[in-house]
Amino acid sequence: MNRLVVAVPVVSTSTGTYVYPHFGRAQEYAIAEVSKEGFRVVGTIRGPRGEPGSGRGHEVVGALARSGVNAVVVSGIGAGAFWRLRELGIKVYALPEKAGGLYTLEEALRMLAEGSLRELAEPPPHEHHHD
């Protein structure tokens with residue numbers, strides 16, 4: 001693996017920083033440099049302001065591309081944002097489902113550095129959640 005500049009949608013809580021479940025709806029994105037030797041977090045980018053919803057993913061993709069990101073790690077992502085990332089040459093890596101919760105940012109970056117995440121060739125099936 002060459003060195004990647006990776007964006008990960010995150011949410012920070014009192015117990016740590018976790019991978020946010022949907023790419024386009026995150027309020028913050030951690031930026032890290034990742035290689036087979038390991039990883040280091042180098043900064044964050046704020047997500048777009050306003051209501052989460054259709055189109056936010058495209059706005060996020062533009063900001064990440066301008067920041068030099070060449071890969072993202074996601075738990076979930078919409079088709080629009082996925083195809084826009086691919087169009088810009090940004091690789092999309094998927095975390096496997098985790099029973100009982102969210103991955104920490106450190107877990108996700110370690111898995112990428114170890115080569116255990118798969119690069120997506122198409123968007124994951126969209127899940128509909130109903131309250």
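Rings of Phe, Tyr and Trp (its six-membered ring) count as a pair if their centres lie within 6.5 Å, with planes under 30 degrees apart called stacked, over 60 edge-to-face and the rest tilted. By this rule there are two aromatic pairs. The model is predicted, so local features need pLDDT of at least 70 and side-chain atom pairs count only at pLDDT 80 or more, while totals for chains, interfaces and linings use all residues. Residues are numbered from 1 along each chain as its sequence is written, and side-chain values use heavy atoms, leaving out hydrogens and water.

**Aromatic pairs**
- Phe23 and Tyr29 form an edge-to-face pair because their ring centres are 5.6 Å apart and their planes meet at 65°.
- Phe82 and Trp83 are also edge-to-face, at 4.9 Å centre to centre and 80° between the planes.
- Phe82 is buried at 0% relative accessibility, whereas Trp83 is partly exposed at 44% (buried is under 20% relative accessible area, exposed over 50%, partly exposed in between, with a 1.4 Å probe and protein chains only).

**Salt bridges**
- The structure has five salt bridges, each a side-chain nitrogen of Lys or Arg within 4 Å of a carboxyl oxygen of Asp or Glu.
- Glu33 and Arg40 meet at 3.1 Å, N to O, and Arg3 joins these two residues in a network.
- Glu107 pairs with Lys98 at 3.1 Å, N to O.
- Arg110 and Glu106 meet at 2.7 Å, N to O; both lie in helix α3, four residues apart, about one turn of the helix.

Conventions:
Helices (H or I, at least four residues) and strands (E, at least two) are DSSP runs, numbered from the N terminus.
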